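Visitor: I would like to go through this model and ask, term by term, what each description rests on.
Guide: Then let us look at the structure and take the terms one at a time.

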Amino acid sequence: MALMISVSGIRGIFGTDLTPENLGRFSAAFGSWAGGGKIVVGRDTRVTGQVCEDIVAATLQSVGCDVVQLGVATTPTVAMAVLKHSADGAVIISASHNPAEWNALKLLNSRSEFLDAGEGREVIRISEDQSYRYKRFDQIGSVETDSDALDHHIRKILDLPYIDRDLIASKGFSVAMDPVNGTGAIAIPPLLNALGVDEIHAVHDEPNGRFAHNPEPLPEHLQDICALVREKECDLGVVTDPDGDRLALVSDKGNLFGEEYTQAAAFDFILDKKQGPCATNLSSSRVTEDIARQYGQKCHRSAVGEINVVQKMKEVNAVIGGEGNGGVINPDLHYGRDALMGVAMVLQLLAERDITSDHYRNSLPGYVIRKSKMALADIDGDAILEKAQNVYRDYDPDTTDGVKIDFEDGWVHLRKSNTEPIIRIYSEGISAEKAKELADNVVEAVQ
């Protein structure tokens, strides 16, 4: 496995692909691209996080950047800190849902958004050319620690006019959580306390980076939290990925909402408050269109990737956006996926409508989305996508990002991953059988 370099940063297995040498080179390139300004640095709980943070922070100082270190922090907390400090960017040290041996540098600009394609390519160019310059001893940057970043993040959520802490507290909610020993372990309990949640129960809540199960919040990995919700008779279960930007929900019956329905709940909540379009990516469920239609609004689609959704949101002036992987983007707070914001909106929705989470989930249109992948070790990914476009040309496939084929009873989307050497295969139907059937038919046709 080689180091994966993309416009969003670098990613690899620490000690094999991701080394101190390329961490330093890429950090120096980013610091130079940022003009030697102020850079926020935060990390998730991975075992290699501290050593990566030390390398990154020191390298940024060496090219003249003033560094604000957050230590362990969720990705959305880092994004909020960029705005708090009027910083010129941020480095998030996290490989998100990848296994514990991986780590990565993810880069934010001064708007606290992930770099767009042009910005990312320029950082890559500087890294490859090694055109950065280290500063003299009397010109290196400073370093400071911000221990208030999480509290600031939570305060900003509670300051939103539609988050009513007293109403939420009046319901006496009991909430279970599974942060998979990631940053949610330090962020979700203070958030729930600030919202007035009555009881908090947890599994896998040691922020030690040793993931108790596969960190991607998929159904097959979340049986412990479902059992906890049933055992403690909780009103809701919340699951975060290692860096706290994705949110999965569990109903009071111990049943998973499905990641797609985190976004659906957020869209429903915001569109009930304000008029305006919404935006999501091509791989997200049709439930988003259904909810937007209920409010007389349009749901716009973008290429997969948080920055692509953000750009579409800005283009259409969307009031809410997100991705079907449990990512909620509320522009009233910041343009980035935020599990903490998602938790607050879902609890507010349940409190306002005075319904159980199971009742709410069952009130939403029913779709089943299936996510699988095709390894690219010995396969030409571009040839696969070209063949899919040709085979299904009568369906007018969308080639904005890979190939998406819409059928009357569902859809299939094939795209090359930006973070792994695979083709992701997403499909959706009115049942699990239909979703699998559609995906199997397409895969058979293109292999």
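Visitor: Why is asparagine 181 called buried?
Guide: This is a predicted model, and in it asparagine 181 has a relative accessible area of 7%; since buried means under 20%, asparagine 181 is counted as buried. Asparagine 181 sits in the loop between E8 and helix H7 (184-194).

Visitor: What makes the phi of asparagine 181 worth a remark?
Guide: Most residues other than glycine have a negative phi. Asparagine 181 is not a glycine, and yet its phi is positive, at about 60°.

Visitor: Which phi does serine 96 have, and is serine 96 buried or exposed?
Guide: Serine 96, which is not a glycine either, has a positive phi of about 55°, and it belongs to the loop between strand E5 (89-93) and E6. Its relative accessibility is 5%, and because the limit for buried is under 20%, serine 96 counts as buried.

Visitor: What makes E9 and E11 the edges of their sheet?
Guide: The sheet is open, has four strands in the order E9-E8-E10-E11, and shows mixed pairing. Strand E9 (199-202) and strand E11 (247-250) each have a single partner strand, so one side of each is left without a neighbour in the sheet. On average, neighbouring strands of this sheet are turned by 25° against each other, direction ignored. Helix H8 (residues 223-232) lies across E8, E9, E10 and E11, and runs at about 160° to E8.

Visitor: Where does lysine 253 lie, and what does it touch?
Guide: Lysine 253 is part of the loop between E11 and helix H9 (260-271). If residues up to four places away in sequence are not counted, lysine 253 touches Arg230 and Asp358.

Visitor: How many bridges join E1 to E2, and how many does E2 have with E6?
Guide: Strand E1 (residues 4-6) is joined to E2 by three bridges and runs antiparallel to it, while E2 and E6 have five bridges, also in the antiparallel sense; since the requirement is at least two bridges, each of these counts as a pairing. Methionine 4 stands opposite arginine 11 in E2, and glycine 9 stands opposite lysine 106 in E6. E1 and E2 form a hairpin, with two residues between them.

Visitor: Why is strand E2 described as mostly covered?
Guide: Strand E2 (residues 9-13) has five residues, and four of them are buried.

Visitor: Why is serine 112 called buried?
Guide: Its relative accessible area is 3%, and because buried means under 20%, serine 112 is buried. The residue lies in the loop between strand E6 (102-108) and helix H4 (117-129), and, leaving aside neighbours within four places in sequence, it is in contact with Ala79, Val82, Leu83, His334 and Tyr335.

Visitor: How many cavities of 30 Å³ or more are found, and which residues line the largest cavity?
Guide: A search of the whole structure finds one cavity of 30 Å³ or more, and the largest cavity holds about 50 Å³ of space. Among the residues of its lining are Ser112, Ala79, His334 and Tyr335. Helix H3 (residues 75-84) gives the largest share of the lining, three residues, and the lining divides into five nonpolar, four polar and three charged residues.

Visitor: What makes up the lining of the second largest pocket?
Guide: The second largest pocket has a volume of about 420 Å³ and is lined by 21 residues, with Pro219, Gly258, Glu259, Ile369 and Arg370 nearest its centre. E11, H9 and strand E16 (368-375) each give two or more residues, and E16 gives the most, with four. By kind, the lining divides into twelve nonpolar, two polar and seven charged residues.

Technical notes. Residues are numbered from 1 along each chain as its sequence is written. This is a predicted model: local features need pLDDT of at least 70, side-chain atom pairs count only at pLDDT 80 or more; totals for chains, interfaces and linings use all residues. Side-chain values use heavy atoms; hydrogens and water are left out. Axes are lines fitted to C-alpha atoms, for helices over the stretch in contact, and angles run from 0 to 180 degrees between N-to-C directions. Contact means heavy atoms within 4.5 Å. On a 1 Å grid over the protein atoms alone, a cavity is a set of points where a 1.4 Å probe fits but cannot get out, and a pocket is an open set with protein on both sides within 12 Å along at least five of seven lines; lining residues have an atom within 4 Å of a point. Grid points are joined across faces, edges and corners, and a volume is the space filled by probe spheres set on the points. Ala, Val, Leu, Ile, Met, Phe, Trp, Tyr, Cys and Pro count as nonpolar, Asp, Glu, Lys and Arg as charged, and the others, Gly among them, as polar. Buried means under 20% relative accessible area, exposed over 50%, partly exposed in between (1.4 Å probe, protein chains only).
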